[in-house]
Amino acid sequence: MPATAAAATAAVAAPARELAATGPVLATAATAMGLMSGLFFAFDVSVMPGLAAGDDRTCVTAMQNINTAITNPVFGAVFVGALAMPAVGTWLLHRSGRRAATLWTAVATVLYLAALVLTAAVNIPLNDRLAAAGDPAAITDLAAVRAAFVPTWTTANIARTVLCTAALAALTRALLVHRRPGR
């Protein structure tokens, strides 16, 4: 009989620990998503408009340098974490029976996954083509290189901003719902 009681206590303790871990997981997910949303937003409202005011060489050079600089472990951790943490939060909430909060974290995960698909399908190939164009000092038609890059990249980035901002809103809702008992 005591073994059965211990097993029952352990069975209750495991979901309680998972539920306790859920808050920090959701907070980390929201932080990562906020950073991604903010990064994309900064390009929408400052970087790309600033580059639009410059000449072709400045635009191409700056975007090549930005694309090289952004490939770093800090960005990589946030980029991947913004997908992993909401997914983990979804799993934890689902296991604890918190359906409303599970729905919101699942929505955030799907929205960010859509942003990643867009990044892989549009932004990264454009970045690669821009890099393959070579040294801006040796490019004979900088205007054509810029024209083949900027409009599509900018439109896709605006879509990423919208997707990430919506995902952040969903994670915020999940945090609020998670705090309520039995939801």
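This is a predicted model: local features need pLDDT of at least 70, side-chain atom pairs count only at pLDDT 80 or more; totals for chains, interfaces and linings use all residues.
Select Thr 90 and the residues around it: leaving aside residues up to four places away in sequence, Thr 90 touches Thr 102, Thr 105, Ala 106 and Thr 109, where contact means heavy atoms within 4.5 Å. Thr 90 lies in helix H3, helices being DSSP runs of H or I with at least four residues and strands being DSSP runs of E with at least two, both numbered from the N terminus. With a relative accessibility of 16%, Thr 90 counts as buried, since buried means under 20% relative accessible area, exposed over 50%, and partly exposed in between, with a 1.4 Å probe and protein chains only.

Residues are numbered from 1 along each chain as its sequence is written, and side-chain values use heavy atoms, with hydrogens and water left out.

Now zoom out and colour the chain by secondary structure. There are 5 helices and 0 strands, and reading along the sequence gives the pattern α-α-α-α-α. Of the 183 residues in the chain, 36% count as buried. Among the contacts with a separation of 6 or more, 82% are made by residues 24 or more positions apart. If you display the surface, its accessible area comes to about 9,500 Å², with 72% of it belonging to carbon and sulfur atoms; the areas come from the Shrake-Rupley method with a 1.4 Å probe, and for residues only the protein chains shown count as cover.

Next, select Ala 156, which is found in helix H5 and is buried, with a relative accessible area of 6%. Apart from residues up to four places away in sequence, Ala 156 touches Leu 118, Val 122 and Asn 123. For Leu 118, the C-alpha atom lies 7.0 Å from that of Ala 156, although the two residues are 38 apart in sequence.

Stay on helix H5 and move to Pro 151, which has its place there too. Pro 151 is partly exposed, at a relative accessible area of 47%, and its C-alpha atom is separated by 9.9 Å from that of Met 48, 103 residues away along the chain.

Then go to Ala 100 in helix H4, where the relative accessible area of 32% makes this residue partly exposed.

For the next stop, show the largest pocket, which holds about 330 Å³ of space. Of its 18 lining residues, those closest to the centre are Asn 67, Ile 70, Phe 75, Ile 124 and Asn 127. The elements giving two or more residues to this lining are helix H1 (2-52), helix H2 (56-69), helix H3 (73-95), helix H4 (99-132) and helix H5 (142-179), and the largest share, 6 residues, comes from H4. By residue class, the lining divides into 10 nonpolar, 6 polar and 2 charged. A pocket here is an open set of points on a 1 Å grid over the protein atoms alone, where a 1.4 Å probe fits, with protein on both sides within 12 Å along at least five of seven lines, and lining residues have an atom within 4 Å of a point.

Finally, select the cysteines Cys 59 and Cys 164. Cys 59 is buried at a relative accessible area of 3%, and Cys 164 counts as buried at 0% relative accessibility. The count of disulfides is 0, a disulfide being a pair of cysteine sulfur atoms within 2.5 Å.

How values were computed:
Grid points are joined across faces, edges and corners, and a volume is the space filled by probe spheres set on the points. Ala, Val, Leu, Ile, Met, Phe, Trp, Tyr, Cys and Pro count as nonpolar, Asp, Glu, Lys and Arg as charged, and the others, Gly among them, as polar.
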